[in-house]
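Hi,

Here is the structure I said I would pass on.

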Amino acid sequence: MYLLLNNYKIIISNLLITFVLILFQSYFPSIITSEEFLLIKFDFFLIYLVYLSFLYRVYLIIIFAFFIGFFQDLLVQSDTIGLYSFLKVLFVYFVGHLKDSNKIWSMQFKFLFLLLVIFFHNFLYQYIFINDINFYAIFYILIEAFINLILLVIIDKVIYNGKIF
Amino acid sequence: MSYSKTFFINKRLITLSIFLFFSTFLFFTNKSKYVEKIERNIIDFISFVTYPKTWYENILYIESNNELLIQNITQLKLLNSKLINYQSENIKLREMLNFKESYPRLSLLPANKVNDNFTSIFSIIINVGLENKITKNQPVIDMNGLVGKTITIGDVASKVQLITDKNFAVSVKLGEEMALAIFKPTFGKYGYLEGVLKTLELQEGEIIYTSGVSEIYPSDIPVAKIVSFTKDQDKLTQNVVVEILAKINELNYVFVIK
């Protein structure tokens, strides 16, 4: 409630950052794979959601993720409105678990957990669009999750001073 | 876990549930091939998950159906045996009809054996009486031969003295010469002939018929067949043992000769 009602500056700034990230992401180059329709992309917005989850209360970020996911649906794929909202909401919920157990879990387990969460986020998204999920598709999705995790670690170390890990 | 943390986790769960519901609702309101694909997958998944339940329900259905079928089979078997019984009865009745037609000069009145007489084992009760214009001393036959004669007449039923009664006697003819003799029962289905001359040539298995001499019995009704015959030196006549043709123990339908 503090975030939504009292601190307008924070809300506006975060919204602006989000829109910029989504636009930036949509123009950012992707890696073409051998699988049709499957591109390995850097998901800056997803990383930003992790950061927001650690910074603010998770339930507020869930609401935020829903609306931004909805906006992303409208921009990216109007045939599946609600898909990104669904995935982003779930993603933030699981990141909330990581936040709760941040001091308990080991570094390796945190990596593994985030890798799995990003992987399932991407897998569920790709599952809708790819007719035949084969080994290569799963492999590329795993690579994408891994790249995004590395990007998250780098950003965490460089920008957030290791707040997450 | 502190109260405030529990509160936040619950709040998180409630928020998650609400927004997952909203996003799912939004997703399924789309009419695209991707949404259809997910719908198909969900249907398949539900079908897979509910398969044991469906299977079990099917088993129960089959079991109850099986019981019903067993009942039906039993009923049909009973019906079938009833029909078979009707068929054999029909065949018997047809035979009787043919038998009746084979005696065109006799007026045969069909009757059913109602019951064995309680007072004597040598008599039966049939379901025709005064109403059918039955009178005393009318011969009764079945398809094989002479059964007896009516002795007591009621309005709707009559008592028949059987051929096996010790007091029963009937004039018969036998042999090529059509010699006369008297048939008398002995025991069971057997009887003997009185007054058969030694000179008369007989054959085992020969059928003897009523002679027509008596006022009661018309001629040419089969009575018995010869089982054996012996000749004693100190007697003028032969000892002829005969077997009654009528199936006294299996009587069901009979005819009264009017």
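**What I found**

Chain A has seven helices and two strands (both are DSSP runs numbered from the N terminus, helices being H or I with at least four residues and strands E with at least two). Reading from the N terminus, the order of elements in chain A is α-α-β-β-α-α-α-α-α.

Before going on, some housekeeping: this is a predicted model, where local features need pLDDT of at least 70, side-chain atom pairs count only at pLDDT 80 or more, and totals for chains, interfaces and linings use all residues. Residues are numbered from 1 along each chain as its sequence is written, while chains are lettered from A and ligands numbered from 1 in the order in which they are written.

**Chain A**

Of the 165 residues in chain A, 33% are buried (20 or more other C-beta atoms within 10 Å of a residue's own; 12 or fewer is exposed, in between is partly exposed, and C-beta atoms are placed from the backbone). If you take contacts in chain A between residues at least 6 apart in sequence, 58% of them join residues at least 24 apart. Contact here is for two residues whose C-beta atoms, placed from the backbone, lie within 7 Å.

Try the helix pair H2 (residues 8-27) and H3 (residues 44-55) of chain A: their axes come within 8 Å and cross at roughly 155°. Axes are lines fitted to C-alpha atoms, for helices over the stretch in contact, with angles from 0 to 180 degrees between N-to-C directions. H2(A) and H3(A) are therefore roughly antiparallel to each other (over 145 degrees, in the scheme used). Among the residues that meet are A:Ile17 and A:Leu21 from H2(A), with A:Phe45 and A:Tyr48 from H3(A). By class, the contact of H2(A) with H3(A) has eight nonpolar, three polar and no charged residues. Nonpolar covers Ala, Val, Leu, Ile, Met, Phe, Trp, Tyr, Cys and Pro, charged is Asp, Glu, Lys and Arg, and the others, Gly among them, are polar.

A:Tyr127 sits in helix H6 of chain A. With 16 other C-beta atoms within 10 Å, A:Tyr127 counts as partly exposed. From A:Tyr127 to A:Ala137 is ten residues in sequence and 9.5 Å in space, C-alpha to C-alpha.

**Where A touches B**

Chain A puts 19 residues into the contact and chain B 18 residues. On the chain A side, helices H4 (58-76), H5 (83-100) and H6 (107-129) each give two or more residues. The most come from H5(A), with seven residues. That side of chain A has 13 nonpolar, four polar and two charged residues.

**The barrel in chain B**

Six strands of chain B close into a barrel, in the order S6-S7-S8-S11-S10-S9, with antiparallel pairing (strands pair if DSSP finds at least two bridges between them). From one strand to the next, the twist averages 45°.

Four bridges join S8(B) to S7 (residues 179-185), and the two run antiparallel. In their hairpin, with four residues between the strands, B:Gly188 has a positive phi near 55°. Across from B:Gly191 in S8(B) is B:Pro185, and B:Gly191 also stands opposite B:Val242 in S11(B). The covered face of S8(B) holds B:Gly191 and B:Leu193, and the uncovered one B:Tyr190, B:Tyr192 and B:Glu194.

Cheers

Conventions
Angles under 35 degrees count as roughly parallel, over 145 as roughly antiparallel, 65 to 115 as roughly perpendicular and the rest as oblique.
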